[in-house]
Amino acid sequence: MQQSRFTKICQLCLVALLAYPNAATQLRTYRLKVMADYPKNRPYTTVVLAMSADGKIADVKRSPARFTSLADKAHLEQRIADSDGVLFGAGTLRAYGTTLKVSHPLLLQQRDQQKLPPQPIQIVASRQANIDPQLRFFRQSVPRWLVTTTAGAKHWTGCPEFAQILVCPLPCSVEIDWVTALQQMAILGLSRLAVLGGGQLVASLVAADLIDELWLTVCPLILGGATAPTPVEGSGFYSALAPRLELLSVEKLDQEVFLHYRRQRLED
Ligand SMILES: NC(=O)c1ccc[n+]([C@@H]2O[C@H](COP(=O)([O-])OP(=O)(O)OC[C@H]3O[C@@H](n4cnc5c(N)ncnc54)[C@H](OP(=O)(O)O)[C@@H]3O)[C@@H](O)[C@H]2O)c1
């Protein structure tokens, strides 16, 4: 009941935005205000994740996160439709084998009115880029880029699967230089980037202070497991030095809670 109500509310909002261009302008102005204080030489980044009540984004087998509601799927599709590019780690791609496309007619219409292509660019992050070319992802009608190291680029240079390969190694390291990678994305025209996980990729971006917003959907189940992935993995932060967030909104829909945070920086 609640799910279809949420979907209806989303549709009504979309219809209102399409019917009343002033409302859309006001929303864009608000968004620009929120976006005003991030460095302009990189895309504005928004992490979108769903987790169990105990803070796990998948079970111990790292299975695809299929525990979310239809309302959360609509929310994820909206966030994807709001972006120029979506970034995810190779682990997430291996788990799902596909990516979520924008398919709702109103979202496609919204993108068309904003003079955006129907689909944002799907960007895979991988050091080694040892990715199975048989994955269904490579047959989906979406533009695909790869962010990788020099070693990873060797697997895919000249292959049609990726329209762009961004090679951004940190000097004397097997790691990606994310500041450079995001600068390259900005040069290539991306101004809004949705980061769809998993925890390893998000950890690298948080560590480089490259995350501006975070959407977390808390779902009503307990996954447990010391090795089950969480929203931010990596080596972690001491609490005194941990990145701080400002809570922008909380919404309860049926059994799920939608949390929306903004990264709070020193100058705020
Ligand atoms: N609940 C949710 O919303 C949600 C969302 C997304 C994913 N998930 C779940 O999360 C799990 C996958 O998580 P994961 O921790 O394995 O995530 P991941 O970050 O998607 O994948 C890890 C792999 O991505 C690449 N990668 C990650 N960080 C990188 C970096 N800084 N630089 C270069 N490459 C990087 C590496 O690929 P290479 O090894 O190829 O170098 C790494 O092995 C799956 O179980 C999936 O279902 C859940």
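Nine strands make an open, mixed sheet, ordered S5-S4-S3-S2-S6-S1-S7-S9-S8. Strands here are DSSP E runs of at least two residues, and helices are H or I runs of at least four, numbered from the N terminus. Two strands pair if DSSP finds at least two bridges between them. Strand S5 (164-167) and strand S8 (244-253) are the edges; each has a single partner strand, so one side of each lacks a neighbour in the sheet.

A caveat. This is a predicted model: local features need pLDDT of at least 70, side-chain atom pairs count only at pLDDT 80 or more, and totals for chains, interfaces and linings use all residues. Residues are numbered from 1 along each chain as its sequence is written.

Now go inside the sheet. S1 and strand S6 (residues 192-195) run parallel, joined by four bridges. Val-47 has Val-195 as its bridge partner in S6.

What does Val-195 touch, beyond neighbours within four places in sequence? Its contacts (C-beta atoms, placed from the backbone, within 7 Å) are Thr-45, Thr-46, Val-47, Leu-87, Leu-201, Val-202 and Leu-205.

Last, the ligand. 30 residues surround the ligand, with Gly-89, Gly-91, Gly-197, Gly-198 and Ser-204 the closest. The cut-off for being near: a C-beta atom, placed from the backbone, within 6 Å. Strand S1 (44-52), strand S2 (85-89), helix H4 (90-96) and helix H8 (199-207) each give the shell at least two residues.

Conventions: Contact = placed C-beta atoms within 7 Å.
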